[in-house]
Amino acid sequence: MKIFAALSMLLASASAFAPSATQKRGTAMNALVDDAFGVSIETGNKVPPLGRKILEDAGPDGIKWFQNAEIKHGRIAMVATIGFWVQKLGVHFPLYLGPSGSNAFSPDSTASNWLLSSTTGVTFQDIAQAAPLDAINMVPVQGWFQIFLAAGWFECIAYNRQWAEGREIPGDYGYDPLGFTKKEGGIAGKDFESLRMKEIKNGRVAMMTIAAWVANEAIPGALPVWHP
């Protein structure tokens, strides 16, 4: 009987400490999430509830993975908004030193055999005159294969430089043709933090923008404000 009573007391004391340990862990994780680079004044310098729920068991490496994912998607979205505008405005870039009569604002060409795909019969002129979503559908399977192959190659390089080489700054893949990171302190320097934050914020706006434009293109009237 005495042994049973002693065990009961031990279990009771252990359970009394359990919530405290869990609470401390949750507080530490909240601090880690809120201190992650990219959290700013727009959300009260705290991660929104949905983001906090997603990241609650992520840990430092998990948070870094999500930061890289956001930056990559933001960069793609920024390029996508420019591409959407180019296609909407009918601006045409004559690839491969295009045929005579083809220039930036005039996709018409006297050469009818300047084919994007010989199997589908689609020409570069057809692509330049199409609406954005129609232009995507006109790209042949071989073209998509080349796109995914190039994207996969870049993704492998990014993974290697972030995780194998252990670069600490999310989004740092060693590609800087304009030399922004060559300044004193590099990409990790205090002077560079402002540019990094601007990139993240512009990427977030671009992701919402291209999603809205594509929705309106697929369902006319879905975006009840001005759009290209």
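## Close-up views of a predicted protein model

**View 1. Helix α6 and its buried residues.** Helix α3 is part of what covers the buried residues of α6, and the model in which this is seen is a predicted one. Three residues of α6 are buried, namely G143, A158 and Q162. The helix is made of 24 residues, and its first and last C-alpha atoms lie 33 Å apart, close to the 34 Å expected at 1.5 Å a residue. Just after α6 comes G166, whose phi is positive, at about 70°.

**View 2. The surroundings of Q162.** Q162 belongs to helix α6, which runs over residues 141-164. With a relative accessible area of 1%, Q162 is buried, because a residue counts as buried when this value is under 20%. When the neighbours within four places in sequence are set aside, the residues in contact with Q162 are K64, N68, R167, I169, P170, G171, D172 and Y173. One of these contacts, K64, has its charged end over the ring of W163, at 4.6 Å from the ring centre.

**View 3. The whole chain, for orientation.** The protein chain contains seven helices and two strands, and read from the N terminus these elements follow the order α-α-α-β-β-α-α-α-α. The chain has 228 residues, of which 27% count as buried. Its exposed surface comes to about 15,800 Å², and 67% of this is supplied by carbon and sulfur atoms. Of the contacts between residues at least 6 apart in sequence, 51% join residues that are at least 24 apart.

**View 4. Helix α7 and its buried residues.** The buried residues of α7 are R196, M197, I200, G203, A206, I210, W213 and N216, and the elements that cover them include α3.

**View 5. The nonpolar cores.** Six residues, A77, F84, A206, I210, W213 and L223, make up the largest nonpolar core. Helices α3 and α7, the latter covering residues 193-218, each supply at least two residues of this core, and α7 gives the most, with three residues. Another core lies apart from it and has five residues, including V33, A36, V47 and L55. Two residues of the largest core, F84 and W213, are also linked with W85 into a cluster by ring pairs.

**View 6. Aromatic pairs.** The count of aromatic pairs comes to five. One of them joins W65 and F66 edge-to-face, with 5.2 Å from centre to centre and 85° between the planes. F66 has a relative accessibility of 36% and therefore counts as partly exposed. Another pair, W153 with F154, is tilted, with a centre-to-centre distance of 5.1 Å and an angle of 40° between the planes. W153 is exposed, because its relative accessible area of 54% is over the 50% cut-off. F154, at 52% relative accessibility, counts as exposed as well.

**View 7. N45 in the loop between α1 and α2.** N45 is located in the loop that joins α1, residues 2-34, to α2, residues 49-55. The phi of N45 is positive, at about 60°, although this residue is not a glycine. Most residues other than glycine have a negative phi.

**View 8. L89 in helix α3.** L89 is a residue of helix α3, which covers residues 59-89. Its relative accessibility is 56%, and L89 therefore counts as exposed. L89 and Q129 stand 40 residues apart along the chain, and their C-alpha atoms are separated by 9.6 Å.

Terms used. Residues numbered from 1 in each chain as written. Predicted model: local features only at pLDDT ≥ 70, side-chain atom pairs only at ≥ 80, totals over all residues. Heavy atoms only, no water. Helix = DSSP H or I, 4+ residues; strand = E, 2+ residues; numbered from the N terminus. Buried < 20%, exposed > 50% of the residue type's maximum accessible area, 1.4 Å probe, protein only. Contact = heavy atoms within 4.5 Å. Areas by Shrake-Rupley, 256 points an atom, 1.4 Å probe, with all protein chains shown as cover. Core = buried A, V, L, I, M, F, W, Y, C linked by side-chain atoms within 4.5 Å. Phe/Tyr/Trp six-rings, centres within 6.5 Å; stacked < 30°, edge-to-face > 60°. Lys NZ or Arg CZ within 6 Å of the ring centre and 35° of its normal. Expected span 1.5 Å × (residues − 1).
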